[in-house]
Amino acid sequence: RKTEIYSVELSGSGDIEKTDKGHDKKYGGLKKNCLERKTHQPKEELKKELDLDDHKLSNEELETKYGTNIITGLSSTRAAELLARDGPNTLTPPKETPKIIKFLKQMVGGFSILLWIGAVLCWIAYGIQYSDDKSSSLDSVYLGSVLALVVILTGVFAYYQEAKSTNIMASFRQMIPQQALVVRDSEKKTVPADQLVVGDIVEIKGGDQIPADIRLLSAQGCKVDNSSLTGESEPQPRSSEFTHDNPLETKNISFFSTTCLEVSAPPAGTATGMVINTGDRTVIGQIASLASGVQNSKTPIGIEIEHFVHIVAGVAVSIGVLFFIIAVSMKYHVLDSIIFLIGIIVANVPEGLLATVTVALSLTAKRMAKKNCLVKGLEAVETLGSTSIICSDKTGTLTQNRMTVAHLWFDSQVFVADTSEDHSNQVFDQSSATWASLSKIITLCNRAEFRPGQESVPIMKKAVVGDASETALLKFSEVILGNVMEIRKRNRKVAEIPFNSTNKFQLSIHETDDPSDKRFLVVMKGAPERVLEKCSTIMVNGQEQPLDRSTAKAFHTAYMELGGLGERVLGFCHLYLPADEFPATYSFDVDTMNFPTSNFCFVGLLSMIDPPRSTVPDAVTKCRSAGIKIIMVTGDHPITAKAIAKSVGIISANSETVEDIAKRLNVAVAQVNKRDAKAAVVTGMELKDMSPAQLDELLANHSEIVFARTSPQQKLIIVEGCQRQDAIVAVTGDGVNDSPALKKADIGIAMGITGSDAAKSAADMVLLDDNFASIVTGVEEGRLIFDNLKKTIAYTLTKNIAELCPFLIYIIAGLPLPIGTITILFIDLGTDIIPSIALAYEKAESDIMNRKPRHKKKDRLVNKPLAVYSYLHIGLMQALGAFVVYFTVYAQEGFRPSTLLNLRVEWEKGYVNDLEDSYGQEWTSYQRKYLEWTGYTAFFVGIMIQQIADLIIRKTRRNSIFQQGLFRNKIIWVGIASQVIIALILSYGLGSIVALNFTMLRPQYWFVAVPHAVLIWVYDEVRKLAIRLYPGSWWDKNMYY
Amino acid sequence: MRRQLRSRRAPAFPYGYRYRLDDQDEVNQNYLADEEEEAEEEARVMVVPDLEEEEEEEEEGKEEEEKEEEESQAQETGSAWWRKWQIVNEYLSDPEKRMSLARTGQSWSLILVIYFFFYASLAAVITLCMYTLFLTISPYMPTFTERVKPPGVMIRPFAHSLNFNFNVSEPDTWQHYVISLNGFLQGYNDSLQEEMNVDCPPGQYFIQDGDEDEDKKACQFKRSFLKNCSGLEDPTFGYSTGQPCILLKMNRIVGFRPEPGDPVKVSCKVQRGDENDIRSINYYPESASFDLRYYPYYGKLTHVNYTSPLVAMHFTDVVKNQAVPVQCQLKGKGIINDVINDRFVGRVIFTLNIET
């Protein structure tokens, strides 16, 4: 097939018919999908846009339509009116949830609702008490207020954290105000681009961003870069001619936010256009609004946290209700039962956990920001870790989005040029005389120039006036030969034929820099087949040889080979004009062509490509080994896409597409078993005809897929297809055309430097250095934080049982209350906070990049083994340890455990001031109360000491602590120190504040729980040992969380 | 089967999930048979850690997958509720796979056994702990007594709110005080005291050296010491005449000894309001004090017949028909009666409201 060779014309309009056909394919999908999707997602705007007919109108008709004048422009007053009517020419930023709603969501989200219920129950209980007895104590009100305060504080904290990470993004939105040169009141004025209105006449220079959708009125050799709209790297020619019915393809319309690369010569190097659409009504605006129409789905970690909240809340409520019923049937007062219910809820809800998770996530976010991964929403931090499919855009994401010389062919040999970002390492053989000639042609037959005033800028970063290929050639020669401008000066240009679509070549005539050589040098470059036609000889090793069949064949092979790599191939030839026929004074006339244009000497071929970023192949390999499937989705041509995919490893070296197999076996494509092919290249056209089921099959059966020629909608469809596979999908992209898919993805990743604002605002993560490899960092950090959150949650859940058991024992066995609600809050929000954050600093246990991504429905954050092990194993051991401390305190003070049984009622009677203990001593009610608080403190200390052991064992899930290194994570020790210090302060510093219910505990009680802590550690080591020794066993399945 | 299992674990396998779904039934059925062998096999093979995780996933996901399966079947058959019921039912017991609650019977019994042993050892641990605790604690003498010191004070008759409201002319309103006092004083009956306890010399501690576990003797405190408030002469303890008796006792504390010298005295006065609301109080014993001979207390176990010394306050002339707040304080060396938080340490406050 002819399209196999993707030879692209040097510049200019090319052959219209062919391009248009291609465009049809590209946008056909868009149109159709619009109609398809309309039923459930009204996307009529885009459809409407297609009815645009401004491109068909003549200039006069346009003037009438928009009430403007091409020469004088709009009047300022009219412009002001229109501005008032249509609004500024900017994209409406996506609607933000009002801050107050966000805040309220934090207030009722997660466990908050349970705690609110607790607080309200407290107040109700007080109300009932108060109506019975006016002098009833304010304890319940107090507790209720504390609970409410806890909810509000954690809510404010979470809101603040979330707002902080959103603020980082806000800075992105402050675009540099763009200026536009506009004709108003017959004068040229520079106005901010957002002031443009329909009917304005604007002038555009090369390098400008198109300030709105414009209908070109006059333009010469204008080329635009539509990559942000379509993903094509090649410049698209634009002129004032109406060339196609479809407004998206016609040459006389250029679109908002695309870049005008070049405008050649008259008049004054500018193109003039009339603004026909502004702001959200532009094509880009509509795609952007398509993106904002896509609902943001919940992040995977959000789902996991919700799942976990449900589990914990379920446990809390069911135990609470169960014991409420038990309490009522044990003839407790309903009021007391309500108080128990509150206690159980408070004990069961890990109040500090969500705040901890937020902090842990924001720590990771900060760490990632340092590595140039900026994360917008905190929860997106983890998403990359769960990602199983990455749909990557090609242009600008995988590639550098700039044409670069990739291969050279001369002396019948293919040479590889360095395509890395700085070109530093050009190793091909430059000794051949052919190269000297070729380099001269490259240097001279080129109109691109560096912009002045960039002496200190590295060559590859210098701004250039000229189209992409010429820029590539200019930079290439500058790197190899040094100062190109100087060479050009020495070889003065005497005449030039710029590229045009009929010639398909570019020619220029120069004096030579050799003073003894008075001949003129004609240099020519252009489409290889066209250039070859003009040649009669070919240069081999600096010698001209007649162009015979074998050399022509070699040329064709090379041409096909390079074309097959998806590269744009150019041919170069030259001719020295005989000095006698063309003396130095000869006047060349490019119109009459008074010089020979045939019998040139063919020098070589040179091919260019938008090369992959140098970090990408490595990153792709790493993602692969991490079990992540990478799919390329691009608007570009399939051949180019496939070539890039192969060079970065998205299609691995030894895998074939169905077409490849067919070609190898020499059979029809239909005869090949689709399952044999690992790779697949699918175009937008093919995708358009696919049913969702077929797409699913495609996605499931091929591990290496490239989608080419896709529209923004199709990108969306592909992402949805991947999500149907239960995959967590990351989408990377930089263009506006990517933004709907970025939004739809579980995590959208935008490029920070090349990315458009639409892409950045739709994305959840921005790679500040545009380095695809940062994604690997993201995956690693995401997986690590997922593992570490598991540890944090396990750590936090454990003590819940130790906090809950006292209430249950209190209700059933009638012991004086071992731990108070306020004390529980001091554990949850005091001693436990820093240690649980410290777990976020834990290093990975094994190589997390060598395992598969988690399955979103099977590998939960909180799974059964985690809950069971935390609650029923370590939690219970902790409760026992804490009870031992409690019993020790009471027994040493005079109340032996046997006496304590069923003592609750007498104990709590305020008027009993001579309650007997086991020794016959009599206690006043306040003395008992004080002892009870000592009990609280003792229980608290017991839990705290054992939480230290819990913290240490949670450092790992499988490895021994000693394998992991006890002291490697210093923050853990900071956590332990904080735990102890807070407990010491509570007991000895604030022990005298009655309301806090802490007392000064005798020093020896701090050590009662130590053996239990050691026991916990030992038990967990045994568990881990058994898991390591018997992988896959029953024990492993049930004890590994 | 074996091969499939292994291939599922192969890390490079690209479409693990899909294939796993297909295999699931088979896996479930053969699971038990293969379990042990598998474990051995895997131990030999030395699998990479993460692969086990996957194995676990299956266990985890089993129930969900069943649900999925069910759902697809039931879609044709019935309503959503029926489907849900089926799922729950299936989850609770699945005779086909001999499973209930997503586990097989064998799995359940294994769990029961393991948990039995685990909790049994925990019980053993706590028993050991408590045993050690009791070893360190003397049954005769509490380890610490600071919390219960200084001694609290309590009065009899027993009234919930320490408000003595009664109407002299209505015996019903004070009868329960009388009953309470009578009951309380049974242990102080002279005959009983003389039979059980010794008459020890007043004005000095009744110290009984000897082994901790020896039974200790107690000093007599006879009911008759309380004179008019003993209920012997006036069986209504003065309530019938509007001159109520209230008994005051100091809380027992093992080893507590009031400072030598003047014994601890009791004195009552109007707490708030007109001092003259109480015009006279008689104390019995007349010294209004707790004699040193009743101290120290040796604890319930050995000091079996110990009876707390009492001081009776006879409010012989109190303003009638109004609430009179009364505060009775202990006074003496080393006695604290002004703890803000504890209104029963060294003092007791109650109100008398005698109606006529």
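Is Cys328(B) buried or exposed, and what is its relative accessible area? Cys328(B) is buried, with a relative accessible area of 1%. Here buried means under 20% relative accessible area, exposed means over 50%, and partly exposed lies in between, for a 1.4 Å probe and protein chains only.

The model is predicted: local features need pLDDT of at least 70, side-chain atom pairs count only at pLDDT 80 or more, and totals for chains, interfaces and linings use all residues. Residues are numbered from 1 along each chain as its sequence is written, chains are lettered from A and ligands numbered from 1 in the order in which they are written, and side-chain values use heavy atoms, with hydrogens and water left out.

## Chain B as a whole

Chain B contains seven helices and eleven strands. These elements are DSSP runs numbered from the N terminus, with helices (H or I) of at least four residues and strands (E) of at least two. Of its 356 residues, 47% count as buried. The accessible surface of chain B is about 18100 Å², and 54% of this area belongs to carbon and sulfur atoms. Such areas come from the Shrake-Rupley method with a 1.4 Å probe, and for residues only the protein chains shown count as cover. Among contacts in chain B between residues at least 6 apart in sequence, 74% join residues at least 24 apart; contact means heavy atoms within 4.5 Å.

## The four-stranded sheet

Four strands of chain B form an open sheet in the order β3-β5-β9-β7, with antiparallel pairing. The edges are β3 (153-156) and β7 (278-284) of chain B, each of which pairs on one side only. Neighbouring strands of this sheet are turned by 30° against each other on average, direction ignored. Two strands are taken to pair if DSSP finds at least two bridges between them. Axes are lines fitted to C-alpha atoms, for helices over the stretch in contact, and angles run from 0 to 180 degrees between N-to-C directions.

Strand β9 (residues 310-318) of chain B is joined to β5 (residues 245-250) of chain B by five bridges, and the two run antiparallel. In this pairing, Cys245(B) has His314(B) of β9(B) as its bridge partner, and Leu247(B) has Ala312(B) of β9(B). β9(B) also pairs with β7(B), in the antiparallel sense and over six bridges. Ile281(B) stands opposite Phe315(B) in β9(B). β9(B) is mostly covered, with eight of its nine residues buried.

Helix α6 (residues 171-185) of chain B lies across β3, β5 and β9 of chain B and runs at about 40° to β5(B).

## Disulfides

A disulfide is a covalent bond between the sulfur atoms of two cysteines. In this model one is assigned to a pair of cysteine sulfur atoms within 2.5 Å. Over all chains, the structure holds three disulfides. They are listed below with the computed sulfur separations.

| Disulfide | Sulfur to sulfur distance |
|---|---|
| Cys200(B) and Cys219(B) | 1.5 Å |
| Cys229(B) and Cys245(B) | 1.8 Å |
| Cys268(B) and Cys328(B) | 1.9 Å |

Cys200(B) and Cys219(B) form a disulfide. This pair links distant parts of the chain, 19 residues apart, although Cys200(B) and Cys219(B) both lie in the loop between α7 (190-196) and β5 of chain B. Both Cys200(B) and Cys219(B) are buried.

For Cys229(B) and Cys245(B), the torsion about the S-S bond is about -75°, so this disulfide is left-handed. The link joins distant parts of the chain, from Cys229(B) in the loop between α7 and β5 of chain B to Cys245(B) in strand β5 of chain B, 16 residues apart. Cys229(B) and Cys245(B) are both buried.

The link of Cys268(B) and Cys328(B) is right-handed, with 110° about the S-S bond. It connects distant parts of the chain: Cys268(B) belongs to strand β6 (residues 264-270) and Cys328(B) to strand β10 (residues 323-331) of chain B, 60 residues apart. Cys268(B) counts as buried because its relative accessibility is 11%.

With the bonded cysteines of chain B numbered in sequence order, the pairing is 1-2, 3-4, 5-6.

## Cysteines of chain A

Cys391(A) counts as buried, at 3% relative accessibility. The sulfur of Cys445(A) has its closest cysteine sulfur in Cys573(A), at 8.6 Å, also too far for a bond. Cys445(A) counts as buried, at 0% relative accessibility.
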